[in-house]
Amino acid sequence: MSDFLEIVLRSACVLAAFLVLPLLVGQTEHKVMAHMQGRLGPMEAGGFHGWAQLIADGVKFAQKEDVVPLAADKSVFRVAPALGIVSYLFALAVIPFGPHFFGANVPGSLIWVLAVSGIGTVGTLMAGWSSGNKYSLLGGMRTAAQLVSYELPLILVSASFAIAAGSLSLVGIAHAWNPWWLIWQLPGALVFLVAATAELQRPPFDMPVADSELVMGPYTEYTGLRFALFLLAEYAGIVVMSFLLATLWLGGWTGPFDHAIGWLWVLIKGGIFSFLIIWIRVAWPRLREDQLQRVAWLGLVPIALLQLAITAVGVVVTSQ
């Protein structure tokens, strides 16, 4: 009975974090973009600093009609938004907030997170293919190309962290972390941040959406809550990737008094990376499709391979 209660409690904590943290990232994006771009609208709703803007957006989406195009593959069209967001729920379940504070302790939790988070991008591809719209199809094809291009450097630098720690478990990697990683694994951290931004199809890597070219890409035919699910999945992806990078490169819960407030260190470190991803959106213009491929194959992949080689040599030398 105690084991059952522990499972229920852990599941409730993961679900609560999943429901709250993406909304906080969304609210933060509203405010950061408003300040950086001098936009007054997001500062008005609710009075003080526009605190009710996110609530207003939710009410707006809930009031919109749920439309399914006649030419759409209706079953795939309806499943795609749910697939995108549920994948990040599964990923968040294994990210540790402390030595014993996690939803599930999977031995190969790093592989699990990389595998299930990629399913979210597949949901976007399904949305583009099933909509029966040429702009959506083009956006879906761009999503597939982007997934193939940026998944490779993401996996390579994750392998570098795993080799350095001698473990595929996120808990094991956090235990093995030391401050030397801030320099030793810095190139891998930068590659991870750029590749994760591209995997989430965030600006400047938002070519699949590209509203000036493809209307809204794979999301063109979506309305109401289904469209809101895609937006929420994007913010959930930011949360997962930020926490994952915080665990790999910054040691997760490691910090002063981490035996008591380790979970707070994870939130702070993840929040820093979430802010960086939002800042990149505001500061950088969209790349062209050919530039996107060039960044991946001629930039990130060679750096990731070099980082992997340096880590392998370093582990061999220090182990002798």
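The model is predicted, so local features need pLDDT of at least 70 and side-chain atom pairs count only at pLDDT 80 or more, while totals for chains, interfaces and linings use all residues. Residues are numbered from 1 along each chain as its sequence is written, and side-chain values use heavy atoms, with hydrogens and water left out.

Helix α8 covers residues 186–199; helices are DSSP runs of H or I with at least four residues, numbered from the N terminus. From first C-alpha to last, the 14 residues of α8 reach 20 Å, close to the 20 Å expected at 1.5 Å a residue; the expected span is 1.5 Å times one less than the number of residues. The helix is mostly covered, with ten of its 14 residues buried, where buried means under 20% relative accessible area (1.4 Å probe, protein chains only). Among the buried residues are Val191, Phe192, Leu193 and Glu199. The elements that cover the buried residues of α8 include α4, α5, α10, α11 and α12. Just after α8, Gln201 takes a positive phi of about 60 degrees.

Attention now turns to the empty spaces. Rolling a probe the size of a water molecule over the atoms shows where empty space is left. On a 1 Å grid over the protein atoms alone, a cavity is a set of points where a 1.4 Å probe fits but cannot get out, and a pocket is an open set with protein on both sides within 12 Å along at least five of seven lines; lining residues have an atom within 4 Å of a point. Grid points are joined across faces, edges and corners, and a volume is the space filled by probe spheres set on the points.

The largest pocket has a volume of about 1,100 Å³. Its lining has 42 residues, and Glu29, Phe227, Leu231, Glu234 and Tyr235 lie nearest the centre. Helix α10 gives the most to this lining, with ten residues.

The second largest pocket has a volume of about 250 Å³ and is lined by 15 residues. Helix α1 gives the most to that lining, with seven residues.

The whole structure holds one cavity of 30 Å³ or more. The lining of the largest cavity includes Tyr88, Glu151, Glu199 and Met241. Glu199 is also one of the buried residues of α8. Helix α4 gives the most to the lining of the largest cavity, with three residues.

How values were computed: Helices (H or I, at least four residues) and strands (E, at least two) are DSSP runs, numbered from the N terminus. Buried means under 20% relative accessible area, exposed over 50%, partly exposed in between (1.4 Å probe, protein chains only). Contact means heavy atoms within 4.5 Å.
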